[in-house]
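Colleague: I want to go through the labels on this model one by one. Please give me the rule behind each.

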Amino acid sequence: MAGRAAFARMNGIGNEIIVADMRGRADRVTPAAAIALNADPATRFDQIMAMHDPRTPGTGHYVEILNSDGSRAQACGNGMRCVVQALAAETGDRSFTFETAAGILAAQKHADGSISVDMGTPRFGWQDIPLAEEFRDTRAIELQIGPIDAPVLHSPSVVSMGNPHAVFFVDGDVWSYELDRFGPMLENHPIFPERANISIVRVTSREALTIRTWERGAGLTKACGSAACAAVVAAARTGRTGRAVTLTAPGGKLFVEWRPDGHVVLTGPAEWEFSGAFDPATGAWERDAREVA
């Protein structure tokens, strides 16, 4: 279908998101449009959350996720909160059910304005993450950066939260590591056939973590919701923390609970920045005239 689609530029604790309204349309946001939007400083983003009509009975929308390099992503917790914020403002509803490439997700907007997204259950099998070779115990795999006898980063926990994650636990300040240099190498390491999100995590207490993330297909980010979930799961699984943890990312704080039923619930805010319309094929866009006036 020709014509421009409405979008909202939003963020989830600094994770820059474009929520694109593709409902009632047969077309999709193209990789070329994503790359063009990301090239414009005004619309630079980490993920596009493209809302489509539902494909599965019992769900409200199908959400397709694109990274800033035009690649498709399976999961984005911060982006899902932005979708909820946009839909709640439009409809007044508080509870939502979505379908994504990672499966069916439920979300809830709370009275205090925070939003919780059920990110589903983590997967730990090496084939499910996936890894290129077998590791019986994915709580720590053989992977390192730096000299063999004095690696800078080593032995990450790996987990799938619908997308692959490697979590490196460190004792020092997470800002002391050159994640902008190590991130691309680790994201594209042959052990990760679908690439991976790379996080550096410091445990500050049994209930708190500090995290920085190099996001697959997007690069350094102020926050990554699925990485926050993966970090808490990895920390709890290795006995470093409990199962309810507050994370401090460069963009702010998130709360993650790995519930007894195995589901991981991510809670945090979402913020509206501006709205406009764009061409899903080319990325050409304009700001909402009501906001320009």
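Colleague: What should I know about the source first?

Modeller: This is a predicted model, so local features need pLDDT of at least 70 and side-chain atom pairs count only at pLDDT 80 or more, while totals for chains, interfaces and linings use all residues. Residues are numbered from 1 along each chain as its sequence is written, and side-chain values use heavy atoms, with hydrogens and water left out.

Colleague: What makes Phe-98 buried or exposed?

Modeller: Buried means under 20% relative accessible area, exposed over 50%, and partly exposed in between (1.4 Å probe, protein chains only). Phe-98 has a relative accessible area of 1%, so Phe-98 is buried. Phe-96 has 10% and is therefore buried too.

Colleague: How do you know whether Ala-111 is buried or exposed?

Modeller: The relative accessible area of Ala-111 is 84%, so Ala-111 is exposed. Ala-111 is in the loop between strand S7 (103-109) and strand S8 (115-118). Helices (H or I, at least four residues) and strands (E, at least two) are DSSP runs, numbered from the N terminus.

Colleague: Which residues of helix H3 are buried?

Modeller: In H3 (residues 179-187), they are Leu-179, Phe-182, Gly-183, Leu-186 and Glu-187.

Colleague: What do the buried residues of H3 pack against?

Modeller: Among their partners are strand S12 (164-169), strand S13 (197-205) and strand S14 (208-215). Contact means heavy atoms within 4.5 Å.

Colleague: What makes a space a pocket or a cavity?

Modeller: Both use a 1 Å grid over the protein atoms alone. In a cavity, a 1.4 Å probe fits at the points but cannot get out; a pocket is an open set with protein on both sides within 12 Å along at least five of seven lines. Lining residues have an atom within 4 Å of a point.

Colleague: Which residues lie nearest the centre of the largest pocket?

Modeller: They are Ala-6, Phe-7, Ala-8, Asp-21 and Trp-272, out of 17 lining residues. Helix H2 gives the most to this lining, with 4 residues. The largest pocket holds about 250 Å³ of space. A volume is the space filled by probe spheres set on the points, with grid points joined across faces, edges and corners.

Colleague: How does the lining of the largest pocket divide by class?

Modeller: It has 10 nonpolar, 2 polar and 5 charged residues. Ala, Val, Leu, Ile, Met, Phe, Trp, Tyr, Cys and Pro count as nonpolar, Asp, Glu, Lys and Arg as charged, and the others, Gly among them, as polar.

Colleague: How many cavities of 30 Å³ or more are there?

Modeller: The count is 2. About 50 Å³ of space lies in the largest cavity. S14 gives the largest share of its lining, 3 residues. The second largest cavity holds about 40 Å³. Its lining has 2 nonpolar, 4 polar and 2 charged residues.

Colleague: Why is the pair of Phe-96 and Phe-98 called stacked?

Modeller: Rings of Phe, Tyr and Trp (its six-membered ring) pair if their centres lie within 6.5 Å; planes under 30 degrees apart count as stacked, over 60 as edge-to-face and the rest as tilted. Phe-96 and Phe-98 are 6.1 Å centre to centre, with 15 degrees between the planes. The structure holds 6 aromatic pairs. Phe-7, Phe-274, Phe-278 and Trp-285 form one aromatic cluster.

Colleague: Why do some backbone angles get flagged?

Modeller: Most residues other than glycine have a negative phi, and most peptide bonds are trans. Ser-155 has a positive phi of about 55 degrees and is not a glycine. Ser-155 is partly exposed, at 35% relative accessible area. Ser-155 is also among the residues nearest the centre of the second largest pocket. Arg-195, in the loop between H3 and S13, has a positive phi near 60 degrees. Arg-195 counts as partly exposed at 23% relative accessibility.

Colleague: Which residues does the cis peptide bond join?

Modeller: It joins Ile-129 and Pro-130, with omega about -10 degrees. Pro-130 is in the loop between S8 and S9.
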